[in-house]
Amino acid sequence: MAHRLVGEILQETSGLSGQALEEGLRVQQEKGGRIGEILMRHKAITEADLLKALGTQFNLRYTPSLSLDHLELGFTERVPIQFLKKYGMVPVLTSETSLIAVNDPLAFQPLDDLRLLLGLDGCEVILAPLSAILSTINFAYDMSQSSAEQVIEGMHEEDRDTILSEIEETGDILDDTSDAPIIKLVNLMLSQAVKDRASDIHIEPSQSRLRIRYRVDGILYDMLSPPKHIHASLTSRIKVMAEMNIAEKRLPQDGRIERRIGDKNIDIRVSTIPTAFGERVVMRLLDKTNVLLNVSDLGMPQDNLKIFDRLIHSPHGIILVTGPTGSGKTTTLYAALSSINNTDINIITIEDPIEYQIEGIGQIQVNPKINLTFANGLRSIVRQDPDVILVGEIRDLETAEIAIQSALTGHLVFSTLHTNDSASAVTRLIDMGIEPFLVTSSVNAILAQRLVRIICQECKEAYTPDSEALRSIGLDPENVGERALFRGRGCPACLHTGYSGRTGVFELMLPDDRLKNTILKTSDANAIKREAIKYGNMRTLRQDGAEKVLRGITTIEEVFRVTQQ
């Protein structure tokens with residue numbers, strides 16, 4: 001019996017219109033190619049529609065996802081990862097099933113080669129989305145690679161003088177089959193850090209040992225302790241990858257590495273500083289495949305969210321976000337910018353560094369070497385007819401003055417300050433030399449924030465805290481009563497920490513007339529804070545954190561950790 005045409009099947013199963021099919025066939029006649037791929041490019045059908053139709057045509061089962069449970073990884077030693085990625089196929093072998101998942105049922109020859117290589121003659125072939133196949137490939141090869149500890153064990157003292165610095169391999173780190181121990185170690189270190197959701201890797205030499213730590217959800221954990229003699233080789237390899245000067249070990253250096261690790265594009269900022277025991281390296285990992293957060297995903301309480309949304313659509317004024325380093329200020333500002341970014345407004349930013357590129361926004365990188373400071377850049381931005389300006393940080397009086405003048409002349413200005421709470425931001429501006437009346441007339445809102453870790457959903461358990469713990473974050477034990485709170489027990493999913501992911505706690509201060517009068521009379525942060533709570537109904541960082549504890553999002557210890565003065 002002849003195969004039915006895929007176009008006919010698609011008309012029956014996916015509601016493909018005759019007109020769309022005709023258009024696809026016309027393109028196929030002119031340019032060649034497969035009709036299914038042409039229809040997908042024209043958005044007439046989805047990948048799932050096509051795979052279901054191909055399943056009907058070739059009598060193959062379609063599955064939208066592949067289970068990674070109990071996956072046997074033996075095939076990774078016999079089949080090159082590049083082969084599976086090129087032909088979009090992967091063996092899914094467990095003690096109960098033997099399948100080969102393919103994305104293209106017409107790849108007969110590679111499929112036969114794979115069957116022959118693995119001795120899987122007669123096993124079932126199924127259809128799966130390309131994304132599911134690639135994720136399974138990356139998972140299998142990542143899990144089967146020798147661990148960083150095994151690589152370290154294989155390094156001998158006689159390797160001390162060998163600087164292994166093969167230049168820049170491109171593509172996916174998981175594809176790198178180099179046997180050089182240092183290259184292998186760096187690749188494994190990076191892939192492990194990405195798998196464990198780390199944001200930074202620290203390489204720290206001391207007198208007698210070398211320690212590698214990584215930061216997950218804001219907390220540093222020990223990762224590896226390689227032998228001290230590999231420190232120079234390890235640092236040189238990272239410097240080669242970051243295109244830094246490997247001969248210069250006496251001065252601090254900065255560099256950048258762009259790599260693909262599995263299905264993620266990772267941008268790595270590298271910083272080295274000389275110490276008494278050798279160069280110390282910090283690598284900041286930015287996952288470029290992470291979609292920018294929406295304002296609604298930040299964790300802001302609903303009432304504050306409505307106010308903040310209104311503020312970021314204001315025609316002019318300054319919105320300040322404050323908090324220490326690593327408290328999520330940049331993420332909040334990017335979320336605000338991406339939510340107001342559209343074709344009818346001109347947004348320009350000056351940042352140090354530019355962490356994420358946003359389509360349609362002009363972003364300037366600060367460069368002190370050529371005197372492109374925040375203040376100089378901001379002066380030029382104002383001449384570019386912007387509607388919205390983002391200044392990465394207000395660090396000095398000059399930048400503060402230009403930002404305030406911009407806000408007073410009809411621009412909406414976003415910026416950050418390193419202060420502990422929202423009231424202290426007013427004090428900081430006045431201490432810089434800004435007149436109090438300029439602060440009250442230009443600042444629309446000050447948002448203070450911190451990041452707290454979220455309780456792991458896999459090992460979340462209820463418990464009854466003691467009264468002292470409740471009082472430490474301002475909760476009255478009598479009001480809490482018998483209500484159960486939650487904590488994480490610790491499991492493999494959360495690396496036995498009890499936490500997975502982070503969310504924000506916020507303090508939004510809106511200077512109303514009474515608060516403006518207080519600011520004009522005093523720059524005392526405590527007095528300003530008291531007035532804001534009294535008249536502005538401001539919820540403090542600790543109160544917002546306590547609310548998240550009661551809702552089972554985070555723990556008492558987390559809120560106390562990030563809000564203690």
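The protein chain has 22 helices and 19 strands, where helices (H or I, at least four residues) and strands (E, at least two) are DSSP runs numbered from the N terminus. This is a predicted model, so local features need pLDDT of at least 70 and side-chain atom pairs count only at pLDDT 80 or more, while totals for chains, interfaces and linings use all residues. Residues are numbered from 1 along each chain as its sequence is written, and side-chain values use heavy atoms, with hydrogens and water left out.

Q: What makes strand 6 mostly covered?
A: Buried means under 20% relative accessible area (exposed is over 50%, partly exposed in between; 1.4 Å probe, protein chains only). In strand 6 (residues 210-216), five of the seven residues are buried. For the protein chain with its 565 residues, the buried share is 47%.

Q: How do you know that strand 5 and strand 6 pair?
A: Two strands pair if DSSP finds at least two bridges between them. Strand 5 (residues 198-205) and strand 6 have seven, in the antiparallel sense, so they pass the rule. One of the bridges sets Ile203 against Ile212 in strand 6. The two strands form a hairpin, with four residues between them.

Q: What joins strand 6 to strand 7?
A: Five bridges do, and the strands run antiparallel; strand 7 covers residues 219-224. Val216 stands opposite Ile219 in strand 7. These strands also form a hairpin, this time with two residues between them, and Asp217 in the turn has a positive phi of about 50°.

Q: Why are strand 1 and strand 2 said to stand at the edges?
A: Their open sheet has four strands in the order 1-4-3-2, with mixed pairing. Strand 1 (61-62) and strand 2 (89-93) each have a single partner strand, so one side of each is left without a neighbour in the sheet.

Q: Which helix lies across strand 2, strand 3 and strand 4?
A: Helix 6 (residues 108-118) does, with strand 3 at 98-102, and it runs at about 35° to strand 2. Axes are lines fitted to C-alpha atoms (for helices over the stretch in contact), and angles run from 0 to 180 degrees between N-to-C directions. Contact means heavy atoms within 4.5 Å.

Q: What is the strand order in the sheet of seven strands?
A: The order is 13-12-14-15-11-16-19, in an open sheet with mixed pairing. Strand 13 (362-365) and strand 19 (499-509) are the edge strands, each pairing on one side only. Nine bridges join strand 16 (residues 443-455) to strand 19, antiparallel, and Arg453 has Arg502 as its partner in strand 19.

Q: How many cavities of 30 Å³ or more are there?
A: The count comes to one, and the largest cavity holds about 40 Å³. A cavity is a set of points on a 1 Å grid over the protein atoms alone where a 1.4 Å probe fits but cannot get out; lining residues have an atom within 4 Å of a point. Points are joined across faces, edges and corners, and the volume is the space filled by probe spheres set on them. Val216, Asp217 and Arg453 are among the lining residues.

Note on methods:
1 Å grid on protein atoms, 1.4 Å probe; cavity = no way out; pocket = protein on both sides within 12 Å on 5 of 7 lines; lining within 4 Å.
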